[in-house]
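Colleague: I have a model open here and would like to go through it with you. Can we start?

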Amino acid sequence: MKELRVGLIGTGAIGREHIKRLCEKVHGVRLVAVTDKFPESARAAAAPYGVRVEPDEQALLSAADIDAVVVTSSSAAHEAAVLGAVARGKPAFCEKPLADTAAGCLRIVEAEQKAGKRLVQVGFMRRYDKGYREMKAILESGRLGAPLIVHCAHRLPAMDDEGFTAAMQVTDGIIHEIDILHWLVDDVYTTVQVSYPRRARASRGVQADPQVAVIRTARGLYLEVESFFNCGFAYDIQCEVVCDEGTVRLPDPPAAPVRHAGRREAALEMSWMGRFLDAYDTELQDWADALLTDGVPRGPSAWDGYVAAVTADACIRSQQSGREEPVGLPVQPAFYR
Ligand code: NAI
Ligand code: ISE
């Protein structure tokens, strides 16, 4: 295959970002069609690139001139789209979370195994971020000894959605840390506990913000994730791994230091789009390259999506019980090893 002909489902915020990326940056790909529940949204997103608009997901999935799909619809719609792609033997790149429940992820894992080859990649783009990759290489070198503790922060300037719940803060936000830490320290999660300090002043509606999740692992690690969706000052992602003989920290994105009026300053990122721009580009390029060369994706798998969802479910149980909850992960099938 010389060119990967792609269809995209869901032309909202990240859908439009990925459309631009697929049309302007990713080599070896041709975006053929898009669709959205709201046809006017799909038409507006498609127009600048002269891309076809399909009436719905089923039509797009079935189109003979589409080899693979990118799923950027709302989280609750992911499962049906990915299962539809797998049933047609078409590879699917699906934004996180793979499905909005662990049971939904498991149905995808089972369908993929039945199809007999890897078809699904999940949009855990942080694995493609240069800073996290440097951290992983340093940890794997053994120079610092073994990891003991990880401190993370996942801060957004503001969450305007009044209906945004504590559980959504896990499935939308903390799920990134759940996946990246699993990849970084390569350990089995055993328990999680979610706790709350007092509500932040800017926290609105049903939000209970911030929250702190602590994940414990089989090798005895303590992974602490602060999730603060109304921090006001920046989109700020922090991660520091403390090992026996040293620490390694995620670098902040570069910003020109300013000296002015007796102060030193450097601008901070305000949005996920800018913070992980390079990681999203590399992720989709790698997805396309892998499909064009090997016919199977090599990025985060449906199993990784399932592991993250099982852990997220345990976090949500802990939010409700106030206790430490077991994660209870099944053994990884040979198919995904
Ligand atoms: P959004 O609400 O802006 O866009 C979702 C779009 O999907 C909407 O246009 C909606 O009409 C459409 N849609 C919903 N159901 C559909 C269906 N059955 N068929 C076709 N279209 C459908 O949401 P946003 O922010 O773009 O997020 C989309 C997904 O991407 C979410 O799952 C989110 O978690 C994920 N995401 C991932 C990010 C990352 O850093 N990897 C960043 C932002 C979002
Ligand atoms: C958003 O959906 C994303 O996935 C971003 O990467 C994340 O940082 C943010 O918390 C979510 O709202």
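Colleague: Which residue forms a salt bridge with Arg317?

Modeller: Glu325 does, and the closest N and O atoms of the two are 3.8 Å apart. A salt bridge here is a side-chain nitrogen of Lys or Arg within 4 Å of a carboxyl oxygen of Asp or Glu. Before we go on, this is a predicted model: local features need pLDDT of at least 70, side-chain atom pairs count only at pLDDT 80 or more, and totals for chains, interfaces and linings use all residues. Residues are numbered from 1 along each chain as its sequence is written, chains are lettered from A and ligands numbered from 1 in the order in which they are written, and side-chain values use heavy atoms, with hydrogens and water left out.

Colleague: Is Glu325 buried or exposed?

Modeller: Glu325 is buried, at 12% relative accessible area. Arg317 is partly exposed, at 35%. Buried means under 20% relative accessible area, exposed over 50%, and partly exposed in between, with a 1.4 Å probe and protein chains only.

Colleague: How many salt bridges by that rule?

Modeller: The count is 24. Side chains of opposite charge can pair when their charged atoms come close.

Colleague: What does Arg107 pair with?

Modeller: Arg107 meets Glu79 in a salt bridge, with 2.6 Å from N to O. Arg107 is in helix α5 (residues 102–115) and Glu79 in helix α4 (residues 78–87), so the pair ties together parts that are 28 residues apart in sequence. Helices (H or I, at least four residues) and strands (E, at least two) are DSSP runs, numbered from the N terminus. Arg107 is partly exposed at 42%, while Glu79 is buried at 14%.

Colleague: What else does α4 have? Say, what is Leu83 in contact with?

Modeller: Leu83 is found in helix α4. Leaving aside neighbours within four places in sequence, Leu83 is in contact with Arg107, Ile108 and Ala111, where contact means heavy atoms within 4.5 Å. The C-alpha atoms of Leu83 and Ala111 are 7.2 Å apart. Leu83 is partly exposed, with 26% relative accessibility.

Colleague: And where are Asp179 and Arg127?

Modeller: Asp179 is in helix α7, and Arg127 is in the loop between β6 (120–122) and α6, 52 residues apart. They form a salt bridge with the closest N and O atoms 2.7 Å apart. Asp179 is buried at 3%, and Arg127 is buried at 11%.

Colleague: Different topic. What volume does the largest pocket have?

Modeller: About 1000 Å³. On a 1 Å grid over the protein atoms alone, a pocket is an open set of points with protein on both sides within 12 Å along at least five of seven lines, and lining residues have an atom within 4 Å of a point. Grid points are joined across faces, edges and corners, and a volume is the space filled by probe spheres set on the points.

Colleague: What lines the largest pocket?

Modeller: There are 42 lining residues, and Ile14, Ser73, Ser74, Ser75 and Asp172 lie nearest the centre. α1 (13–24) and α7 (166–185) are the elements that give two or more residues to the lining. The largest share, five residues, comes from α7.

Colleague: And which element gives the most to the second largest pocket?

Modeller: α9 does, with four residues of the lining. The second largest pocket holds about 370 Å³. Of its 17 lining residues, the closest to the centre are Asp129, Lys130, Pro254, Arg275 and Asp278.

Colleague: How many residues of α9 are buried?

Modeller: Twelve of 17, so α9 is largely enclosed by the rest of the structure. Trp287 and Leu291 are among them. After α9 comes Gly295, with a positive phi near 80 degrees.

Colleague: Which residue other than glycine has a positive phi?

Modeller: Asp186 is one of them, with phi near 50 degrees. Asp186 is in the loop between α7 and β8 and is exposed at 57%. Ala261 also has a positive phi, about 50 degrees. Most residues other than glycine have a negative phi, and most peptide bonds are trans.

Colleague: Which peptide bond is cis, then?

Modeller: One of them runs from Lys96 to Pro97, with omega near -10 degrees. The bond from Asp209 to Pro210 is cis too, with omega near 0 degrees.

Terms used:
1 Å grid on protein atoms, 1.4 Å probe; cavity = no way out; pocket = protein on both sides within 12 Å on 5 of 7 lines; lining within 4 Å.
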